[in-house]
Amino acid sequence: MTTPEAILQSKEDRAVRQTKWIENYRNTLISFTLNIPGICKQSENYEFAHEVGTKIIMKTFPVIKVKKIHLPTGSEALFSIPYDAKKTKKISLKIEELHPLGRLFDIDVISKNGKKISRINFGYHERKCYLCEDKAAFCARSQKHSLEQLTDRIETIISEYKTNPNDSVDTILSEAQIQVPPKISSLWPAINNYSGSPYKTNDSAITQTHIIQRIVKDAI
């Protein structure tokens, strides 16, 4: 259990972390949390759902740096990705839309210039309520549903997924005709041979990033 003040502070702290990551790695940034109403942001089921989402992001994108943070205000994860921010957001929206736990996922995408990419840019409306067809923000402001109703629905979504977790992100994105970027693991030979120089672990983060950005760009 946490407090409203702590939740607000966590959002400010997250924004600072995001800025530092963009400055350090100069890549597209994914900031991943869960959409959980109320002040209880941690539970075994919530952590399970966050871990599922983290694995999906790791599998889908060419992640070069990841950090997961466990806080009373909810788990967070940051991913540095040498990939176009708009394409990253387009894929993320499809994951949120089509994955069985996607309604719980909050996958924010920020460009290397620090601009947050909005779902509105892709023709998506604001996210809907867990319980009805109204916008989630409207229901939250009007307190249309009780917190117990909302959390019960979230628990049901997670429990149903645990019972039948046979989903495939590759299948989801393929059926949605979304092309995913190449994985970093498949690019290591090209990265190691780039410009005739080995990719050394003591290279600066920015130099490493520029090499990978060029390789990923050439591969798509």
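Visitor: Hi! What should I know before we start?
Guide: It's a predicted model, where local features need pLDDT of at least 70, side-chain atom pairs count only at pLDDT 80 or more, and totals for chains, interfaces and linings use all residues. Residues are numbered from 1 along each chain as its sequence is written, and side-chain values use heavy atoms, with hydrogens and water left out.

Visitor: Okay. How many residues does the largest nonpolar core have?
Guide: It has 36 residues, and those with the most contacts inside it are Ile30, Phe32, Leu34, Phe79, Leu101, Leu104 and Phe105. A nonpolar core here is a set of buried Ala, Val, Leu, Ile, Met, Phe, Trp, Tyr and Cys residues joined through side-chain atoms within 4.5 Å. Buried means under 20% relative accessible area, exposed over 50%, and partly exposed in between, using a 1.4 Å probe and protein chains only.

Visitor: Which helices and strands supply at least two residues each?
Guide: Strands E1, E3 (76-81) and E4 (105-110) do, along with helices H2 (44-60), H3 (85-98), H5 (147-163) and H6. Those labels are DSSP runs numbered from the N terminus: helices are H or I with at least four residues, strands are E with at least two.

Visitor: And what's in the second core?
Guide: That separate core has six residues, including Ile22, Tyr25, Leu29 and Ile110.

Visitor: New topic: Leu173. Is it buried or exposed?
Guide: Leu173 counts as buried because its relative accessibility is 1%. You'll find Leu173 in helix H6 (residues 169-175).

Visitor: What does Leu173 touch?
Guide: Skipping neighbours within four places in sequence, Leu173 is in contact (heavy atoms within 4.5 Å) with Thr60, Ile91, Lys94, Ile95, Ile178 and Val180. Lys94 is 79 residues from Leu173 in sequence, but their C-alphas are 7.1 Å apart.

Visitor: How about Ser31, where is that?
Guide: Ser31 sits in strand E1 (residues 28-34). With 2% relative accessibility, Ser31 counts as buried too.

Visitor: Which side chain does Ser31's side chain make a polar contact with?
Guide: That of Gln18, at 3.0 Å. A polar contact is a pair of N or O atoms within 3.5 Å; within protein, one must be able to donate a hydrogen and the other to accept it, and residues adjacent in sequence count only if both atoms are side-chain atoms.

Visitor: Which residue has a phi near 50°?
Guide: Arg26 does, a positive value in a residue other than glycine. Most residues other than glycine have a negative phi. Arg26 is in the loop between helix H1 (4-25) and E1, and is partly exposed at 43%.
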